[in-house]
Amino acid sequence: MSIQFDIAKQIIAETCPNRKLKLENIRLFADIIQPKKYQKGDIILNEGDICNCLFYIEKGFIRQHYLKHDKDVIEHLACEKNVVWCIDSYFNREPTHLMMDAVENSVLWEIPRDIMEEYGK
């Protein structure tokens, strides 16, 4: 099997521990997820962007934050084996007020919303 298939199984096991999916469904999921590498300090999502993906953290540490009165406010921190996204932007398809960046070198697997919705029909 491929690394993509192994990661797909891991994402499913971590996020839906009580679900048993057929092998063909895991393969379909593996076909749509894409790895992306970020260096420490890289911006994953900028304020004003629309969040169109869920991000599974294979390796690294991610920070979600915003500016308030010129101060950096951390809203959420996420580490390996977690899924992170800007929930309001993702569901409402509106620009986010958050910024998301890599606190350390990271590998994220992008799970595109549009493709997931297409398979869900």
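Guide: The buried residues of helix α2 are Ile26, Phe29, Ala30 and Ile32, where buried means under 20% relative accessible area, exposed over 50% and partly exposed in between, with a 1.4 Å probe and protein chains only. Viewed down the axis of α2, these buried residues fall within an arc of 165°, so they line one face of the helix; the arc is that of the directions from the helix axis to the C-beta atoms. Glu24 and Asp31, on the other side of α2, are exposed. Helices here are DSSP runs of H or I with at least four residues, strands are runs of E with at least two, and both are numbered from the N terminus.

The model is predicted: local features need pLDDT of at least 70, side-chain atom pairs count only at pLDDT 80 or more, and totals for chains, interfaces and linings use all residues. Residues are numbered from 1 along each chain as its sequence is written, and side-chain values use heavy atoms, with hydrogens and water left out.

Next, the packing of this helix. Two packed helices are described by the angle between their axes and the distance between the axes. The axes of α1 (residues 3-15) and α2 (residues 23-32) come within 8 Å and cross at roughly 110°. That makes α1 roughly perpendicular to α2, given that angles of 65 to 115 degrees count as roughly perpendicular, under 35 as roughly parallel, over 145 as roughly antiparallel and the rest as oblique. The axes are lines fitted to C-alpha atoms, for helices over the stretch in contact, and the angles run from 0 to 180 degrees between N-to-C directions. From α1, the contact (heavy atoms within 4.5 Å) is made by Gln4, Phe5, Ala8, Lys9, Ile11 and Ile12. From α2, Leu23, Ile26, Arg27, Phe29, Ala30 and Asp31 take part. The residues of this contact divide into eight nonpolar, one polar and three charged. In that count Ala, Val, Leu, Ile, Met, Phe, Trp, Tyr, Cys and Pro are nonpolar, Asp, Glu, Lys and Arg are charged, and the others, Gly among them, are polar.

For residues 17-63, UniProt lists "domain: Cyclic nucleotide-binding" in an unreviewed entry; such annotations may be inferred rather than shown by experiment. The span is 21% helix and 38% strand, and its end C-alpha atoms lie 25 Å apart.

Leaving aside residues up to four places away in sequence, Glu110 touches Ile32, Ile33, Gln34, Lys36, Tyr38, Cys53, Leu54 and Phe55. Glu110 sits in strand β8 (residues 106-112) and is buried, at a relative accessible area of 17%.

Phe55, one of the partners of Glu110, belongs to strand β3 (residues 53-59). Phe55 counts as buried at 5% relative accessibility. With the same exclusion of residues up to four places away in sequence, Phe55 touches Ile44, Asn82, Val83, Val84, Met100, Leu108, Trp109 and Glu110. Phe55 and Pro112 are 57 residues apart in sequence, with 8.7 Å between their C-alpha atoms.

Finally, a loop residue. Lys81 is found in the loop between β5 (71-79) and β6 (83-84). Its phi is near 70°, a positive value in a residue other than glycine. Lys81 is partly exposed, with a relative accessible area of 46%.
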